[in-house]
Amino acid sequence: MTAVRVRLALSDDSAAAPSATRHRRTVAVLALLLAVLMLLYLMLGPASMSPRLVVKALIGQPEETLHRIAVWEVRLPRALMAALSGAMLSSSGAFMQSVLRNPLAAPATVGVTPGAVLGAVGILMLASGSEGTLNQLNFLVPMGAIAGGLFAGGLVYVLSYRRAGADPLRLILTGVIVAAFLSAITSFLVLISGSHTDAIIRWLVGSLSTRSWEHLMYQLPVAAVAVPLAAAVIPAGNALQLGDATAANLGLRPELARAAVLAAAVVLASGAVSVVGGIAFLGMMGPHLARTLVGSDLRRLVPAAALIGAIVLVAADLLARTFSLDWLPLLEVATASGSRVPVGAFTALVGAPFFIYLMRARV
Amino acid sequence: MTEHEPSIDHPPVHAVDVSAGYRGRVVSQALSLSFEQGSRTALVGPNGSGKSTILKTLARLITPLSGSVCLDGQDIASLPSREVARRMAVLAQLHEVPPDLTVRELVSQGRFPHVGPLKMLRLRDDEAVQWAIRLTRLEHLADRSVDTLSGGECQRAWIALALAQQTGLLLLDEPTTFLDVRHQLDLLELITLLNREHGVTVVMVLHDLNHASRYADRLIAIADGTVIADGPPVEVVTPELLRECFGVEASVMQDPRTGAPMCIPHATIDAASHESEWVTDAVET
């Protein structure tokens with residue numbers, strides 16, 4: 001009798017844990033972690049400085065001009081771009097995985113990232129023949145990426161559309177094929193390109209080097225469109241992850257709702273890639289990590305995935321900025337733009353093993 | 001009339017001369033059915049008879065090929081889908097559950113038709129959600145992930161989602177499939193409770209004839225997309241119907257406890273003779 005009562009009490013205890021407050025705490029911890037990382041990002045570098053000096057530089061009272069340049073002109077825009085791009089890429093993946101009901105869905109696997117990369121590389125190629133100045137390229141390359149991403153997303157949707165609509169499985173399969181096709185075109189362009197090869201490779205892998213406020217200014221309008229759009233489609237996404245019949249029962253038109261959610265995801269991913277290039281794994285890994293922390297309800301999953309994406313990309317770029325190939329004594333590497341490793345290489349090198357671990361632990 | 005008021009003149013759901021089916025395949029033709037306020041109806045029939053298609057057409061999950069389905073006297077096709085979802089809840093046969101979605105989160109989706117997409121962004125546990133969870137006895141599982149529940153609990157969670165919609169009409173497509181006998185009874189008792197205590201009009205597709213005759217006031221037997229019998233269980237469940245509709249020889253007796261008819265099928269009818277019977281039927285009509 002006592003034993004039974006004890007067991008009941010125990011099971012009640014574990015069930016009564018109010019998940020809402022727990023999840024709110026998780027999101028708060030993630031936000032704090034991001035803030036700490038951002039501060040570290042501003043502190044560390046060739047001219048490392050204390051938090052006090054960083055704050056002084058931020059509020060416009062730097063002790064040395066160098067501090068202002070390092071914080072304001074080099075590190076802050078790059079940190080903000082890393083955070084914003086990571087957040088957009090990862091939340092885009094969260095929408096795709098939910099609405100397509102497939103854990104493999106991500107901007108990279110359904111063709112949006114390859115499309116955006118092709119757009120950027122295409123512009124770089126066209127520019128290599130003409131007398132384009134660097135300023136024009138700074139503007140045209142992100143625009144090419146956004147156009148490429150939107151085009152690829154639209155193409156996948158149109159190709160999967162049959163009769164009543166584009167069903168999730170067909171969307172994924174079409175996306176994988178389109179992704180492979182667009183990547184093949186990019187490879188071909190890289191092969192025939194005489195110049196700009198280094199810049200192109202950095203686009204393929206994903207890099208934040210040489211990014212400035214100007215790039216952020218091109219990304220912000222996209223974010224300003226994508227974020228409200230993303231927030232507005234969260235409830236529809238939630239209904240859709242319960243199946244088309246349930247979504248219809250709740251008063252949605254499943255086909256329209258799915259198109260709207262995917263459109264938001266495509267804009268988010270295109271905006272991210274337009275500045276950082278083809279970052280690997282983040283769009284797939286971010287939402288998976290977030291799901292283990294806060295579950296599948298998009299009202300929590302999307303913010304958590306965005307925070308995790310921002311954290312991972314800021315941390316990876318901090319590594320990329322500080323780590324130098326010169327540290328590897330056996331390698332004598334000298335690329336045109338120095339011995340820094342692009343951030344995308346870190347997300348791939350760290351992301352792939354971590355992803356395998358996550359899969360083995362959870363599935 | 002913007003707000004929904006149950007009217008006495010019109011049955012809650014009412015199909016007029018409906019042809020149901022999919023593109024290029026008519027499943028059922030010229031069907032007219034009417035369901036009274038507060039009734040409990042079971043659609044029965046063999047596999048492929050079209051009973052699920054008819055239910056989905058009533059539920060506007062499939063558009064009728066011709067004719068119309070009316071909800072409180074209004075054509076369902078002319079009503080905004082969310083407005084329909086405030087009056088009618090549908091539990092489909094197949095659903096998807098993402099990993100790590102709690103029962104409470106699942107049930108709260110049922111509020112969508114009432115609060116709309118923007119207010120759904122706020123996470124709150126309103127009274128309708130609590131009521132639905134309480135009625136389906138899921139309080140102790142509310143924060144558990146749906147994919148860790150047993151089949152019976154899972155089905156109760158889906159019913160709770162439909163209840164959170166707070167509709168006067170509930171349509172269920174084979175709600176007892178994949179459940180063991182105890183959980184089947186449990187679910188049918190829950191549906192009875194909703195019907196008796198809360199006045200919910202129920203239309204359900206059931207496979208088990210004995211369950212149908214015990215838990216419904218009205219049976220509609222469907223074969224080949226046509227209604228071949230419609231009435232209270234005692235009138236519908238007969239050896240003739242079982243032969244004609246299901247192709248089995250069966251004895252029908254009375255359940256000593258409830259008085260409902262009970263059937264015990266004991267042999268299938270030879271496929272050839274069954275088919276020829278259909279041919280004669282078709283010629284006659």
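Start by selecting B:Gly199: it sits just after H7(B) and takes a positive phi of about 65 degrees. Helices (H or I, at least four residues) and strands (E, at least two) are DSSP runs, numbered from the N terminus. What you have open is a predicted model, where local features need pLDDT of at least 70, side-chain atom pairs count only at pLDDT 80 or more, and totals for chains, interfaces and linings use all residues. Residues are numbered from 1 along each chain as its sequence is written, chains are lettered from A and ligands numbered from 1 in the order in which they are written, and side-chain values use heavy atoms, with hydrogens and water left out.

**Helix H7 of chain B**

Now step back to residues 181–198 of chain B, which make up helix H7. H7(B) lies across strand S3 (40–44), S7 and strand S8 (201–205) of chain B, and runs at about 150 degrees to S8(B). Axes are lines fitted to C-alpha atoms, for helices over the stretch in contact, and angles run from 0 to 180 degrees between N-to-C directions.

Next, pick out the buried residues of H7(B), among them B:Leu187, B:Leu190, B:Ile191 and B:Leu194. Buried means under 20% relative accessible area, exposed over 50%, partly exposed in between (1.4 Å probe, protein chains only). What covers them? The cover includes S3, helix H5 (127–135), H6, S7, S8 and helix H8 (209–215) of chain B.

**The six-stranded sheet**

Color the strands of the open sheet in chain B, in the order S6-S7-S8-S3-S9-S10; the pairing is mixed. Two strands pair if DSSP finds at least two bridges between them. Strand S6 (88–91) and strand S10 (226–231) of chain B stand at the edges, each with a single partner strand, so one side of each is left without a neighbour in the sheet. From one strand to the next, the twist averages 15 degrees.

Zoom in on S6(B) and strand S7 (residues 169–173) of chain B: they run parallel, joined by 4 bridges. Click B:Ala89, and you'll find its bridge partner in S7(B) is B:Leu170.

**The four-stranded sheet**

Another open sheet in chain B has 4 strands in the order S2-S1-S4-S5, with antiparallel pairing. Its edge strands are strand S2 (25–35) and strand S5 (74–75) of chain B, each pairing on one side only. Between strand S4 (residues 66–71) of chain B and S5(B) there are 2 bridges, and B:Cys70 has B:Asp75 as its bridge partner in S5(B). Helix H1 (residues 51–58) of chain B lies across strand S1 (13–22), S2 and S4 of chain B, at about 125 degrees to S1(B).

**Over to chain A**

Switch to chain A, with 14 helices and 0 strands. Of its 363 residues, 53% are buried.

**Confidence**

Finally, color by pLDDT, the predictor's confidence in each residue, from 0 to 100. Chain B averages 87, and 90% of the residues score at least 70. Over residues 1–8 of chain B the pLDDT is below 50. The complex as a whole gets an ipTM of 0.87 and a pTM of 0.88 from the predictor.

Key:
Contact means heavy atoms within 4.5 Å.
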